Each structure stands twice: as C-alpha cells, then as structure tokens.
Amino acid sequence: NEFKTGFEHCLELLKHNNKKNNSFESDAYRLIGEIFYKLNNYKKALDYHKIALNICKKSGKKERIYNLKTALGLDFLLLKEYDKSLELFKQILKEISSDDSPEYAAVLNKIGRTYLWMKNYEQAMDFCDEALHYFSKTQDNKRKADIYNDIARIYYETGNFKKAVEFNLKAVEYRSKNKNISLVGSSYRNLGDIYRDIGEYNEAIAYYKKALGAVYGLNELELTQYVQEKMAKTYTALNKSGLALQSYEEYLNIYKLLYRENLQAEMLNEQFTASINSMEKENNILRKNNLNLEKEVDLKQKEQQYLILVLIFASAMLLSLLYNYLQNRGYSAKLQREVLLKTKKLNESQDVLQKIVDEKTVLLEEVRHRVRNNLQVVSSILRMMHSSNSDENIKQFIQQYSTRIFVLAQVHIS
C-alpha cells in the first residue's frame, strides 16, 4: 500500500516508454489504474485501464487484453454502471476459445456477481452455479471461496439465512486453505451480520470478534471500522453499554485514521494528477517537435520525390530518343540493304539485257551482211542480163531495176 512510491516508479517507467506502444507502457498505465482502484477512485482507475487496454491492443497478448478487460468490467461494476460491466464480461466470454477453462468460469462468476449487485438474484445464482460446477473439480480454493461468498450473499439478500450461513462457512473454509486472511475476516463479518439480523446477538458478537482477530495487524481499517460499528450496535442491543462505548471509541479512532488517510489519498490524487498533467505537457511539446520534424522530413521527401520524377522523365526522354535513333538506324540499314539488293538485281538485269542486245546486234550485222551480199548478187545478175540482152526496152527495164536495187543497197549500207 505504498502508493506514492509505486506511482513514482510507474511515472519513471512511462518516461522511458512513453508513446512506444509496448507492454511496459501498457503495464505502467495498468498499475496506475490499480493504485487508483485501491484508493477507491474507480473513475480514475477506469480511465487508466482504458489507456492501458488501447496500448495493449496494439502490442499485447490475448491474456493481457483479457486481464485488462476484466479490470475494466470491475471498474464499471464499482461505478454501478452495470450494463457496461455486463456487456464487457459477456464480450470476454465470446472471445475465450474454450467454455471449459478457468478463465471462462471466472468470467461466469463475475457476471453472476454483477447480477447480484443489480438485485437480479435468479440470474446471479444461475451464473454462480455454473462457475462453481467448473471450479468444484479443481484445487483453485480462491475462486471457489469467492463463488461461495457470492452465493452466500444471494441467499442473505433473499432472506434464506440458513443457506447464507452454510455458504459463508464454506467461504471461510476455502479462504483459510488459501491463507487469504483478510478475506477470511470479511466472511466472519458476513456471518456476524447474518446472526445480528436474525437477533442472535451473542453469535454475531462471536463472529465479529473472529473477524477482528483475522485482520489484526493487517491494516484493514475499513473492515475494522465496519465491525466495530456493528459490535457497538449489537452490544447496545444486548444492553452492554460499557462494551458498546469501547467499540464506538475504537470506531471513532479508526474513523480519524481513515479521515487522515483519505486526506492523504486526496493529496496523493492531486499529486498524481499534477504529475500526469506535467508529463502530458512534456509529451505535447515532444509531439509538436516531432510534428515539425515530420513536416521537415515530409518536405524533404517531397523534394526528393520531385527530383526523382524529373530524373525519371529525363531518363524516359533519353531512352525514347535512343530508341528512335536505334530504330531509325536500323531502318536506314534495312533500306540501304534493300537498295543494294535492288541495285544488284538491276545490274544483273542490265547485264542480261546487254547480252541480248549484243546477240541481236551480231544477228543484225549478219542479216545486213547477207542482204548486202544478196543485193550484190542480184545487181550482178541484172548487169549480166543487161549486157547479154539486145532489146532496148528490156535493157531499159533492167537498167531501171538495177538502179533501184543499187539505191536499196546504198540505203542498207548507210
């Protein structure tokens, strides 16, 4: 219960792990929540358990998340927000993989306790019975004792005092086995309340004394104050005013101690709040610095991205030009090859044609030669006929044709 020292260690843990979203940061907020829970400041406990759960969801294991949700459910229960408590516990039930596990049965018990606080005793008994059915097969004395205590409370509030005594005694038995002395004291107190309500004051006093003996030296001031007040009223009912006065004096002494503790708790609460606010201010400054740094980094990244885009565009242009050059070069080479090929074919065709022309020229010369020879032969024959013939008319005719043949021969030669 050295809450101040515990809180200082939590703050130190937070300074080294703030905004890291790791299990250490989650644990620090969870422990701060537990400190406020023990100081009966359930609203603050709820706030810090929520922070711890949000961090744990990012980095924690299922078991850690389950424990934090359970803590939140108990916070809602003590704040009397029963619907939220039930909703959370039933959500946990759905998330637990096996319905035959201690975790599942423990949540059933917590749902039963919530219905008990809501005065819905039938539902409370159903869930507690189901949880007890599981734990009765185990050696988990703490859980069994808690369930027996809840069932005893159901019987007490519904007026079945005999059953209430029976289950409270079972709770005492298993809490004693578990050596949970402060809770043994609570069970004895419950038994004292039952016997006082049914008018068996001596039995009530006996159990109240057992309760005080169980928590003697344990700093259980609230339980001790409650028991001393009840003992004073019970002694008054028994007309034992001296003993009643002693109990009232003890009650007042404890009341003063609790008052001082409450003042210290309020001061500690204020100190906690101031420390948290101071740390939040530092965090805000860090966040602003980080934000400015992020902006600078973002600006540099944008500049780098712009430069990269320019380089990519320039590279693309160069590649495009190179591609076009290579493509044009390839096309020119192809065109050149085609021109050479066609030139070669044309030269070959020209050679063939030249060869044909040469052949025709030779043939033509031969024809000319033969025509010339034939004309000479005809001309010679005509001259012979002219010389041998005496008829002037015939000679004139022969001379005429001889002249024509001569003209033809001249034309042919030219």
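What share of the contacts in the chain with a separation of 6 or more comes from residues 24 or more positions apart? In this predicted model, such residues account for 53% of those contacts.

## Overall composition

The chain contains 14 helices and zero strands. Read from the N terminus, its elements follow the order α-α-α-α-α-α-α-α-α-α-α-α-α-α.

Of the 414 residues in the chain, 34% are buried. The accessible surface of the chain amounts to about 27200 Å², and carbon and sulfur atoms contribute 55% of that area.

## Helix α12

Helix α12 spans residues 221-237 and consists of 17 residues. The distance from its first C-alpha to its last is 24 Å, close to the 24 Å expected at 1.5 Å a residue.

The buried residues of α12 include Leu221, Leu223, Val227, Met231, Ala232 and Tyr235. Thr224, Gln225, Gln228, Lys230 and Thr234 are also buried in this helix. An α-helix has 3.6 residues a turn, so residues three or four places apart point the same way. After α12 comes asparagine 239, which has a positive phi, near 60°.

## A nonpolar surface patch

A nonpolar patch on the surface is formed by Leu319, Leu322, Tyr325 and Leu326. Together these residues have about 420 Å² of accessible area.

Leucine 319, one of the patch members, lies in helix α13, which covers residues 241-388. Its relative accessible area is 56%. Leucine 319 is therefore classed as exposed, since that class requires a relative accessible area over 50%.

Notes:
Residues are numbered from 1 along each chain as its sequence is written. This is a predicted model: local features need pLDDT of at least 70, side-chain atom pairs count only at pLDDT 80 or more; totals for chains, interfaces and linings use all residues. Side-chain values use heavy atoms; hydrogens and water are left out. Helices (H or I, at least four residues) and strands (E, at least two) are DSSP runs, numbered from the N terminus. The expected span of a helix is 1.5 Å times one less than its number of residues. Buried means under 20% relative accessible area, exposed over 50%, partly exposed in between (1.4 Å probe, protein chains only). Patches are made of residues with over 30% relative accessible area and no salt bridge: like charges are joined within 9 Å, nonpolar side chains (Val, Leu, Ile, Met, Phe, Trp, Tyr) within 5 Å. Accessible areas come from the Shrake-Rupley method with a 1.4 Å probe; for residues, only the protein chains shown count as cover. A salt bridge is a side-chain nitrogen of Lys or Arg within 4 Å of a carboxyl oxygen of Asp or Glu. Contact means heavy atoms within 4.5 Å.
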